[in-house]
Amino acid sequence: MMMSTPKTAPLRAFLVHGLAGGRPFHFSGGLDVLARKLDAQGVSASVHAQGSFLRPYGEVDAIANAALAAARKGARLVLIGHSMGADAALKVAVRLQAARVAVPLVVCFDPTSFRLIFGPPAVPSNVARALCFYQKLSPLGRGVLKAAPGFTGALIQERVASIHSAVDDDPALHARVLAEVRALQPPHP
């Protein structure tokens with residue numbers, strides 16, 4: 001049985017940078033901005049590295065453990081990532097599925113498409129809604145999501161007119177993500 005929390009439980013968002021995310025490169029910097037917007041909307045949000053050049057996806061277990069701890073404290077989870085961080089967000093969802101934790105929303109900003117080396121796993125059945133913004137203008141990213149066997153949630157894939165390095169900065173896409181999250185929040189009295 002999947003561990004789910006009431007729809008009135010608080011949301012906790014985990015955002016994951018791509019391979020060169022954070023300092024000193026500031027790739028995936030739009031996620032830092034989005035995290036601040038989520039915090040302003042009343043959603044506790046934190047930004048994480050997916051790993052490093054030497055250890056791609058090396059932080060997935062640590063992020064999954066933090067998400068699992070938040071779920072055990074009663075939070076509903078939102079996972080968001082850019083590039084390899086999008087791949088990592090889905091890898092976290094897979095680990096949460098193994099722990100029988102429901103994930104109401106996963107958002108992927110242009111996941112990778114190098115299926116032999118990198119790439120997102122299929123969207124697991126514990127995810128209720130997966131939203132993928134992908135592009136075909138630049139050579140990086142370009143990935144789309146696939147549903148795993150047993151997935152019955154909503155899988156929305158939308159091609160956007162942005163290059164890979166800027167898709168996570170797009171204010172219109174931020175507004176879409178904030179609206180998705182707002183739909184998960186209980187109404188204020």
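Trainee: At 31% relative accessibility, what does Lys136 count as?
Mentor: This is a predicted model. In it, Lys136 counts as partly exposed because its relative accessibility of 31% falls between the 20% limit for buried and the 50% limit for exposed.

Trainee: Where does Lys136 lie?
Mentor: Lys136 is part of the loop between β5 and β6, the latter covering residues 154-159.

Trainee: Which residues does Lys136 touch, not counting those up to four places away in sequence?
Mentor: Lys136 touches Arg142 and Arg159.

Trainee: And how far is Lys136 from Phe151, between C-alpha atoms?
Mentor: The separation is 26 Å, with the two residues 15 apart along the chain.

Trainee: Changing topic, which residues make the nonpolar surface patch of about 330 Å²?
Mentor: That patch is made by Phe114, Ile117 and Leu140. Phe114 sits in the loop between β4 (105-109) and β5 (129-134), and its relative accessible area of 41% makes Phe114 partly exposed.

Trainee: What about Arg76: is it buried or exposed?
Mentor: Arg76 is buried, and it belongs to strand β3, residues 76-82.

Trainee: Which backbone oxygen lies 3.0 Å from a polar atom of the Arg76 side chain?
Mentor: The backbone oxygen of Ala9 does.

Trainee: What else is Arg76 in contact with?
Mentor: Leaving aside neighbours within four places in sequence, its contacts include Thr5, Pro6, Lys7, Pro104, Leu184 and Pro186.

Technical notes. Residues numbered from 1 in each chain as written. Predicted model: local features only at pLDDT ≥ 70, side-chain atom pairs only at ≥ 80, totals over all residues. Heavy atoms only, no water. Helix = DSSP H or I, 4+ residues; strand = E, 2+ residues; numbered from the N terminus. Buried < 20%, exposed > 50% of the residue type's maximum accessible area, 1.4 Å probe, protein only. Lys, Arg positive; Asp, Glu negative; His and termini not counted. Salt bridge = Lys/Arg side-chain N within 4 Å of Asp/Glu carboxyl O. Polar contact = N/O pair within 3.5 Å; in protein donor to acceptor, adjacent residues only side chain to side chain. Contact = heavy atoms within 4.5 Å. Patch = residues over 30% accessible without salt bridge, like charges linked within 9 Å, V, L, I, M, F, W, Y side chains within 5 Å. Areas by Shrake-Rupley, 256 points an atom, 1.4 Å probe, with all protein chains shown as cover.
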